[in-house]
Amino acid sequence: MATLTNAELLAALTGRHRPAAPSEVPGLRFAFYGRMSTSVFQDVQTSRAWQRAVSDELVDGVGSVVAEFFDVGVSRRWSWSDRPEAAALLAAAAEPGRDFDAVVVGEYERAFHGDQFREVVSRLNALGVAVWLPEAGGPVELGTPVHEALMVLLGAQAQREVVRARQRVLAAMRAQTRVQGRFLGGRPPYGYRLVDGGRHPNPVHGRWGRRVQVLAPDPVTAPWVRWMFVERARGRTVASLARELNERGVASPSGADPARNAHRSGERWIVRTVAMILGNPRYTGRQVWNRCSTIGHGSGGRAGGRGSGALRYNPISEWEVSERIAHEPLVDDETFVAVQGLRAAKPSKDGEVRRYLLAGLVVCGLCGRRMDGHWVHGRAGYRCRHGFTSAKRRSDGEPRNLYVREDHLLEALPHLLARTAGPAQKRCGRGVGRSSPRATLADSL
């Protein structure tokens, strides 16, 4: 039995015959560009289809689309050179034998943000490629009053949409965390795992069969979180806890869940990891959101995920904490508060405030690391442990710790600056390196 195509079936129903396709498509050759932000919360085929349909309708009777460039999973804030498909389009437009004459965009707000439109159109026009927009009803002509006003309006409208959407989403997430104690995604903290939490509280999503996830103690890692709080409350140092966890072979957070921590090595515990666990209020059973965030995108961040920029930790005043217990706690409030008091810096025995005038400015001449402020025999000084940390034992053959008094450094500083003035001063202005005055400061003593 022969199977008809959709066009043949419709032609049979209407009594019309499908016209023969022309052997050659006349008119302009267009390259279509579209974009969608995420591939998890949006359907790629649907988004591409409606943007392509708008473009095809715009160029109907003038030409046809012969090439397609569609970015998936990139924000409109990204420049065209940072978008894979947009960058490929610009590269193809610069080729002498390109197979398209113009570029058609399905929607302005899908393709441009801020001043990107003027920059991209100017670049393409210089290559002899026109840009067609549905909002302009055809090709955009920079320099004409009507199109200039239209571009200003579209740019302001796109910026307004971004700001409004961001404000609404953030306000909703704050309310869901504070009032409902909802888990809003991300990696579960060490000691917890995600389990089914029942039907979605939104009636519509609930009818669709969607479920929510909640945090529950992980039988393997939760006992170690409880152990950390108990031992820390007894007065043990954070460094000793990290060292014992490594000696016992306990898997670190990235080692216990490598699939969700692909951006970390997972080799061992460090002091910072233990300190972050001891300072996380989620272990009291409360839901916490906005402890950290990413800005932009690029190097320094996670290998994947929606936020790929460098991670930064927000001030405690910006955290959102649930008003009620949202999941089973691993530590009681009394112990948690007591541990936070232990994290505060202890005053010196004589009651003096210890100040380090060169804090963060002294670099070891042997290994190139910044030297730590350290009180040496009742005086301010600086110490370098050459990469040795309190979370592991020192290996044999490693150099001994280096101690330098601050008053000795201050005495040598004028002579060192006079000696390194000139070309070295320019190197210092570009950043800290082993050839900078700070790198040779300890060596000169």
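This is a predicted model: local features need pLDDT of at least 70, side-chain atom pairs count only at pLDDT 80 or more; totals for chains, interfaces and linings use all residues.
Gly128 follows helix 5 with a positive phi, near 85°.

Residues are numbered from 1 along each chain as its sequence is written. Local features need pLDDT of at least 70, side-chain atom pairs count only at pLDDT 80 or more, totals for chains, interfaces and linings use all residues, and side-chain values use heavy atoms, with hydrogens and water left out. Helices are DSSP runs (H or I, at least four residues), numbered from the N terminus.

Helix 9 is mostly covered, with eight of its 11 residues buried. These are Val238, Ala239, Ser240, Leu241, Ala242, Glu244, Leu245 and Asn246. The cover includes helix 8 (222-233) and helix 11. Gly249 follows helix 9, and its phi is positive, near 75°.

Helix 9 (residues 238-248) packs on helix 11 (residues 271-278) at an angle of about 110°, with axes 8 Å apart. Axes are lines fitted to C-alpha atoms over the stretch in contact, and angles run from 0 to 180 degrees between N-to-C directions. The two helices are therefore roughly perpendicular (65 to 115 degrees). Contact (heavy atoms within 4.5 Å) is made by Val238, Ala239, Leu241, Ala242 and Leu245 of helix 9 and by Val271, Val274, Ala275 and Leu278 of helix 11.

Technical notes:
Angles under 35 degrees count as roughly parallel, over 145 as roughly antiparallel, 65 to 115 as roughly perpendicular and the rest as oblique. Buried means under 20% relative accessible area, exposed over 50%, partly exposed in between (1.4 Å probe, protein chains only).
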